Amino acid sequence: ENEDFWLGKQVDPNLADNKQYVDNVIYQDTEHRINLASGRMPDLIVTPGNGSLEGRENATKVERVLDIDLSTKEKKRLIKNGLRHNHLYRIGIGKACWNPNKGKFGDYEINLVDPRKGLISHSGRIPEDGYTADNCDLIVETIEEPTAIVLAKFPQKRQQLMEVLSTADGSRLAS
């Protein structure tokens, strides 16, 4: 329903022809607030573990690297889309993954998960700052993939999965 409002698919039930509203103020307001919230990234401050000169220099280097990484257009777009999900679906989910093919030695990347496909553990607590991974035992993303890809990912369970999915006509093996 929020997504329909955001897209301007509101219909006035009092009108006989059920026309949609032309001027979508909700979209403009939401996008304006998202731009304000993501316009300037917060400053990151890294503190050394001890007061040594080497520790302070390392902290400064890490601070510079993190500042460069978070100020990229890709990360800003990710934050904007996460804020949009937060407005429309009342939750934004970012999934941190290790990508061995990124950079020389591999690097992390954060992917946005469609909130409609995310599930949070029933035992998750909601603190004052909202849901975080620290407060949940389990966060799950529902993924739809062809059976052949699932069988390739889990070769040890291939036979067991084939038994579960097998039917007389083999129709369940297609997807």
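**Close-ups of helices H2 and H4**

**View 1. Helices H2 and H4 make a right-handed crossing.** Right-handed here says that the near helix is turned clockwise from the far one by less than a right angle. This is a predicted model, where local features need pLDDT of at least 70, side-chain atom pairs need 80 or more, and totals for chains, interfaces and linings use all residues. Residues are numbered from 1 along each chain, and side-chain values use heavy atoms, with hydrogens and water left out. Helices are DSSP runs of H or I with at least four residues, strands are E runs of at least two, and both are numbered from the N terminus. The axes of H2 (residues 25-38) and H4 (residues 73-89) come within 10 Å and cross at roughly 135 degrees. Axes are lines fitted to C-alpha atoms over the stretch in contact, with angles from 0 to 180 degrees between N-to-C directions.

**View 2. Part of H4 is tucked away as buried residues.** They are Lys-75, Leu-78, Gly-82, Arg-84, His-85 and Leu-88 (buried means under 20% relative accessible area, exposed over 50%, with a 1.4 Å probe and protein chains only).

**View 3. Arg-90 follows H4 with a positive phi, near 70 degrees.** Most residues other than glycine have a negative phi. Arg-90 sits in the loop between H4 and strand E1 (93-99), and is exposed, at 60% relative accessible area.
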